[in-house]
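Me: Hi! Could you walk me through this one? I'd like to start with the sheet and then jump around a bit.

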Amino acid sequence: RADNMAATGFELDDAVLLNQRGERVDPETLRDTSVALLFSAGWCPDCIEFLPLLRAFYEQQNAPAPARDAPGSEIRSKVTIVHVSSDNSKGEAEKHFREDHGDWLMLDFDTSLRQDYKQKHGIWAGVESRVFATSIDAFQSRRGGIPSLAVLTQGGEMANYLDGEALGFECLLRWRPEDYKWDPPFESRAIKVE
């Protein structure tokens, strides 16, 4: 199913993106940003240690840019993070998301896309190996554990793997959001005629 995603990467029947208030978010709002899936869990000490650093990166990247014509101003690309939980239950996932995460999104715990993404991108917690590493080939396709991020192309493919488990915060230095920015909404791509 994850291979048949539409242009925004989240347009499957059961794919639901939620914000910190538990409200559904339209996948179209991800356009004109660089999107990464964050694989983590509340029971994972490395994840808990990684999240404040990721939150600082996220807030800095999404802070209002200085005036575009100010000397030395840099144009920052906005980032969107979508949490893909490895928690043991929906209740644990929602609690972990509300209490430990930044102001980003979460893929609903009950959507099958959550498991599809883990398998497709080869990122899952070691304790999930019994689910995903059902053959030698499947085990060999594993990129790593949690925490990790998968920066996505607009079509839902992984453009960049950021191994938070091995590199910690340093993995974020390998994310150049301007290199992986999704197309803006169609109406903002209108050609200006002079």
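Reply: Happy to! One term before we start: two strands pair if DSSP finds at least two bridges between them. Helices (H or I, at least four residues) and strands (E, at least two) are DSSP runs, numbered from the N terminus. This is a predicted model, where local features need pLDDT of at least 70, side-chain atom pairs count only at pLDDT 80 or more, and totals for chains, interfaces and linings use all residues. Residues are numbered from 1 along each chain as its sequence is written, and side-chain values use heavy atoms, with hydrogens and water left out.

Me: Thanks. Which residue in β6 is the bridge partner of Leu 37?

Reply: Ala 150 is the bridge partner of Leu 37. The two strands, β3 and β6, pair in the antiparallel sense over 4 bridges. Leu 38 also has a residue opposite in β6, namely Leu 149.

Me: And on β4, do what strands line up how: is β3 parallel or antiparallel to β4?

Reply: β3 and β4 run parallel and are joined by 7 bridges. Within that pairing, Val 35 stands opposite Thr 80.

Me: What's the strand order in the whole sheet?

Reply: The order is β2-β1-β5-β4-β3-β6-β7, an open sheet of 7 strands with mixed pairing. The edges are β2 (24–25) and β7 (158–162); each has a single partner strand, so one side of each is left without a neighbour in the sheet.

Me: Which helices pack on that sheet?

Reply: Helix α1 (residues 45–62) is one of them, touching β3 (34–40), β4 (79–85) and β6, and its direction makes about 155° with that of β4. Touching rests on contact, meaning heavy atoms within 4.5 Å. Axes are lines fitted to C-alpha atoms, for helices over the stretch in contact, and angles run from 0 to 180 degrees between N-to-C directions. Helix α3 (residues 112–121) packs on the sheet too, touching β3, β4, β5 (105–107), β6 and β7, with its direction at about 95° to that of β3.

Me: What does Met 158 touch?

Reply: Not counting residues up to four places away in sequence, Met 158 touches His 121, Ile 123, Arg 143, Ala 150, Val 151 and Leu 152. Met 158 and Leu 37 are 121 residues apart in sequence, with their C-alpha atoms 9.3 Å apart in space.

Me: Are the residues of β3 and β6 buried or exposed?

Reply: Buried, taking that as under 20% relative accessible area, with exposed over 50% and partly exposed in between (1.4 Å probe, protein chains only). In β3, 7 of the 7 residues are buried, so the strand is largely enclosed by the rest of the structure. Ser 34, Ala 36, Leu 38 and Ser 40 point one way, and Val 35, Leu 37 and Phe 39 the other way. β6 has 5 of its 5 residues buried, with Ser 148, Ala 150 and Leu 152 on one side and Leu 149 and Val 151 on the other.

Me: And how much of the protein is buried?

Reply: Buried residues make up 47% of the 194 residues.

Me: New topic: how many aromatic pairs are there?

Reply: The structure holds 2. Phe 57 and Trp 175 form a tilted pair, 5.4 Å centre to centre with 35° between the planes. Rings of Phe, Tyr and Trp (its six-membered ring) pair if their centres lie within 6.5 Å; planes under 30 degrees apart count as stacked, over 60 as edge-to-face and the rest as tilted. Phe 57 is in helix α1 and Trp 175 in the segment after α6 (164–167), 118 residues apart. Phe 57 is buried at 12% relative accessible area, and Trp 175 is buried at 3%.

Me: What about Tyr 58 and Trp 104?

Reply: Their ring centres are 5.2 Å apart and the planes are at 75°, so the pair is edge-to-face. Tyr 58 lies in helix α1 and Trp 104 in the loop between α2 (90–100) and β5, so the pair ties together parts that are 46 residues apart in sequence. Tyr 58 counts as buried at 13% relative accessibility, as does Trp 104 at 1%.
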